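Please look over the sequence and the 3D structure below. A short report on them follows.

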Amino acid sequence: MSLKLKALLKSPWVFHLSTGSCNNCDIEVLDCLTPRFDIERFGMLLAGSIKHADVLLITGSCNRQSVVRLKRLYEQIPKPCLVVAIGECSLSRGMFIHSYNCPVPLDKIIPVDVYIPGCPPKPEAIIAGVVKLINKIKEGKAKKK
Amino acid sequence: MNRDDILKDINARFPLDIVDIFDKSPKRVYIEIKPVSLTRVAKYIFKDLGARFNTASGVDTRHYMEILYHFTIEDIGLLISLKVKLDKSKKLEIDSLAPIFEGANWIEREMHELLGINFKGHPDLRRLLLSDEWPEGVYPLRKDYKEWDKKAIRDRGV
């Protein structure tokens with residue numbers, strides 16, 4: 001494991017991006033940050049700016065207008081970074097798969113490291129997914145970016 | 001004015017403009033009018049009856065493009081929906097309500113881009129929601145919409 005990745009895992013700062021979700025996944029992400037689930041015990045903090053972030057949390061079905069913004073944000077995040085897709089919409093667009101406004105799923109636009117399914121996923125599922133990601137990197141199996 | 005007076009008043013003022021009145025429930029009434037008399041009736045409901053313009057909705061049916069303008073008279077809790085039917089075989093055109101009340105501005109822009117209805121006299125009929133790459137003359141909420149994007153992926157990859 002490179003030094004950069006090791007430093008990233010100590011305290012991954014997350015940036016939360018909604019690409020046109022119904023807000024349910026966003027509420028669950030917010031739930032993770034509250035004292036009840038408290039992902040700060042894993043060192044995770046919500047970053048206000050993408051330039052401070054190590055992990056990109058993405059919810060929503062990537063519609064035509066937000067794909068442009070998504071790409072712009074992905075260019076700005078410091079590498080190496082990790083991308084987490086949260087919820088059915090960002091995995092496969094869910095019920096919006098035939099929508100005129102959602103042509104391409106998220107993992108065809110940018111590389112995704114962890115998929116957390118559910119509509120919306122429980123906070124426990126989100127935490128489990130992120131912990132799995134951290135373990136995956138520690139074992140050196142994750143994609144290098 | 002109570003509910004019955006209002007309906008009677010509308011009936012008496014616009015006998016030639018009204019096609020049909022459907023009294024659905026105590027809180028809701030649908031008034032179908034001719035497209036040419038839309039501005040007159042809407043102006044009366046908005047300015048004289050003091051109704052609030054909620055929103056408008058466009059529906060693509062088999063032979064007609066329907067627009068429903070929803071007005072609420074809050075004092076008596078009545079929702080009036082003005083219904084206009086545009087013949088699909090002719091040009092889809094109707095007078096804009098945006099010069100009368102500003103609230104109609106954006107919803108008319110939205111109906112213009114999603115259903116392709118032309119609003120005559122609208123101050124600024126630009127695009128509102130669709131992205132810039134969207135081609136001209138393709139209206140996604142019409143029944144005969146066909147996929148135009150060759151790059152779109154429509155399977156779940158499993």
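This is a predicted model: local features need pLDDT of at least 70, side-chain atom pairs count only at pLDDT 80 or more; totals for chains, interfaces and linings use all residues.

Residues are numbered from 1 along each chain as its sequence is written, chains are lettered from A and ligands numbered from 1 in the order in which they are written, and side-chain values use heavy atoms, with hydrogens and water left out.

## Where the chains meet

Chain A gives 14 residues to the contact, and chain B gives 17 residues. Contact means heavy atoms within 4.5 Å. About 1,200 Å² is buried between chain A and chain B, and carbon and sulfur atoms give 51% of that area. Buried area is the accessible area (1.4 Å probe) that two parts lose on being put together, summed over both.

Between chain A and chain B there are 2 salt bridges. A salt bridge is a side-chain nitrogen of Lys or Arg within 4 Å of a carboxyl oxygen of Asp or Glu. One salt bridge joins the side chains of A:R64 and B:D149, at 3.1 Å from N to O. Across the interface of chain A and chain B, 11 residue pairs are in polar contact, both residues at pLDDT 80 or more. On the side of chain A that touches chain B, 6 residues are nonpolar, 5 polar and 3 charged. Here Ala, Val, Leu, Ile, Met, Phe, Trp, Tyr, Cys and Pro count as nonpolar, Asp, Glu, Lys and Arg as charged, and the others, Gly among them, as polar.

A polar contact is a pair of N or O atoms within 3.5 Å; within protein, one must be able to donate a hydrogen and the other to accept it, and residues adjacent in sequence count only if both atoms are side-chain atoms.

Helices (H or I, at least four residues) and strands (E, at least two) are DSSP runs, numbered from the N terminus. Buried means under 20% relative accessible area, exposed over 50%, partly exposed in between (1.4 Å probe, protein chains only).

Helix α2 of chain A spans residues 24-33, and A:C25, A:D26, A:E28, A:V29 and A:C32 are buried there. Seen down the axis of α2(A), these buried residues fall within an arc of 160 degrees, so they line one face of the helix. The arc is that of the directions from the helix axis to the C-beta atoms. The buried residues of α2(A) pack against β1 (13-18), β3 (55-59), β4 (82-86) and α5 (123-138) of chain A.

Helix α3 of chain A spans residues 64-76, with A:R64, A:S66, A:V67, A:L70, A:L73 and A:Y74 buried. Their arc around the axis is only 155 degrees, which puts them on the same side of α3(A). The cover over the buried residues of α3(A) includes β1, β3 and β4 of chain A.

## B:D60 and its surroundings

B:D60 sits in strand β3 (residues 52-60) of chain B. B:D60 counts as buried, at 8% relative accessibility. What does the side chain of B:D60 meet in a polar contact of 2.5 Å? The partner is the side chain of B:K88. A polar atom of the B:D60 side chain also lies 2.7 Å from the backbone nitrogen of B:K143. Not counting residues up to four places away in sequence, B:D60 touches B:M65, B:K88, B:L115, B:L141, B:R142 and B:K143.

B:D144 lies in the segment after β7 of chain B. B:D144 is exposed, with a relative accessible area of 56%. The C-alpha atoms of B:D144 and B:D60 are 9.6 Å apart, and the two residues are 84 residues apart along the chain.

Over all chains, the structure holds 13 salt bridges. The table gives three of them.

| Pair | N to O distance |
|---|---|
| B:K90 and B:D87 | 3.9 Å |
| B:E93 and B:K120 | 4.0 Å |
| B:E136 and B:R127 | 3.9 Å |

B:K90 is exposed at 58% relative accessibility, while B:D87 is partly exposed at 29%. B:E136 is exposed at 72%, and B:R127 is partly exposed at 28%. Salt bridges that share partners also join A:R64, B:E133 and B:D149 into one network.
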